[in-house]
Amino acid sequence: MLGAVVATGAIYAVGWRDVSRRTPQRFGPGRLAAFLGGLGAIALAVVSPLDALAGQRLSAHMTQHLLLMMAAPPLLWLGAPVAPMLRGLPRRIRRSVAAGLASRPVRTTGDVIAHPAFGWVSFAVAFWAWHTPRLYELALRSHAWHHLEHACFFATAMLFWRPVILAWPARSPWPRWTMIPYLLLADLQNTVLAAILTLSDRVIYPAYATIARAGTISALEDQSMGGVIMWVPGSLVFLIAAVWLAMEALNGPGALPVIASARARFRAPHTAVPMVEGAERGGAP
């Protein structure tokens, strides 16, 4: 897993160096920092001691979920990864990938899974399904199911955050203001589960009650701590994003000049694929 994270970072960095020279107004250092920060969040979640601790502490497991669902995806999208990732690939592979992305079946499928409604529903289904005691404890017992759980969380979170960040060249069929209730409804479900974990007077996941523990914290105390981690930092992510969108909607382009000017440039009718092809011919993207 660490190798995949490092390889992804290397491909992005190579592509970012190229596109940032051609269009520095679109791909400044902040893009690179955001994308690498997202990869760092993934590495912290799945290839650090936190992963082993998650099998013993619910609070550690909730921290993993927070990193994979609410930290890494928005950071990765803030890196506007489409063009840098394509440009970072070897030329032969790049052309094949670009052609595949431009094909009708891929574009049709992409339109479906990139729709905000699909992203929100898939995010909610994964969130609740994997926190049911049956599936949660299955993931605790099996490394394969644990990896599948994390893959589901990360993939659905990427779909969820895409219309919120709306990184170039993404477009949304919904007006920008609709992302505010979109985020607040997601925060509501996060708050409900967090409250259940925090306030419950019994251990919801019995496996944690049977694990030998170092220190004095009980399984019930650990569960409450996990709920607080989900409740406070998790809600803050949703609320900060909602406030950012509200500022943009209420105050117009002057509120967030850098983002607004970047979005105005990104509204050009071309896509990442023509940009990459034009760059290969020596033209500006």
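Over which residues does pLDDT stay under 50, and how many contacts beyond four places in sequence does the model have for them? In this predicted model, the stretch is residues 253-271, and the model has 23 contacts for it beyond four places in sequence. A further stretch, residues 277-285, also has pLDDT below 50, with 13 contacts in the model beyond near neighbours in sequence. Where pLDDT is low, the predicted coordinates should not be read in detail.

Confidence in the protein as a whole is given by a mean pLDDT of 86, with 86% of the residues reaching 70 or more. Among the elements, the lowest mean pLDDT, 43, belongs to helix 14 (residues 257-266), and the highest, 96, to helix 8 (residues 116-129).

The secondary structure consists of 15 helices and zero strands. The protein has 285 residues, of which 46% count as buried. Of the contacts with a separation of 6 or more, 74% are between residues 24 or more positions apart.

Part of the surface is a nonpolar patch formed by Trp128, Leu185, Leu188, Val192 and Ile196, which together have about 430 Å² of accessible area. Helix 11 (residues 179-199) gives the most to this patch, with four residues. Ile196 lies in helix 11. Its relative accessibility is 40%, so Ile196 counts as partly exposed, a class that runs between 20% and 50%.

Most residues other than glycine have a negative phi, and most peptide bonds are trans. Between Trp168 and Pro169, however, the peptide bond is cis, with omega about 10°. Pro169 is found in the loop between helix 10 (143-165) and helix 11.

That loop between helix 10 and helix 11 also holds Leu166. Leu166 has a positive phi, near 50°, in a residue other than glycine. Is Leu166 buried or exposed? Leu166 is buried, because its relative accessible area of 15% falls under the 20% cut-off.

Ala80 is not a glycine either, yet has a positive phi of about 45°. Ala80 sits in the loop between helix 4 (58-78) and helix 5 (82-88). With a relative accessible area of 0%, Ala80 is buried.

Key. Residues numbered from 1 in each chain as written. Predicted model: local features only at pLDDT ≥ 70, side-chain atom pairs only at ≥ 80, totals over all residues. Heavy atoms only, no water. Helix = DSSP H or I, 4+ residues; strand = E, 2+ residues; numbered from the N terminus. Buried < 20%, exposed > 50% of the residue type's maximum accessible area, 1.4 Å probe, protein only. Contact = heavy atoms within 4.5 Å. pLDDT = per-residue confidence, 0-100. Patch = residues over 30% accessible without salt bridge, like charges linked within 9 Å, V, L, I, M, F, W, Y side chains within 5 Å. Areas by Shrake-Rupley, 256 points an atom, 1.4 Å probe, with all protein chains shown as cover. Salt bridge = Lys/Arg side-chain N within 4 Å of Asp/Glu carboxyl O.
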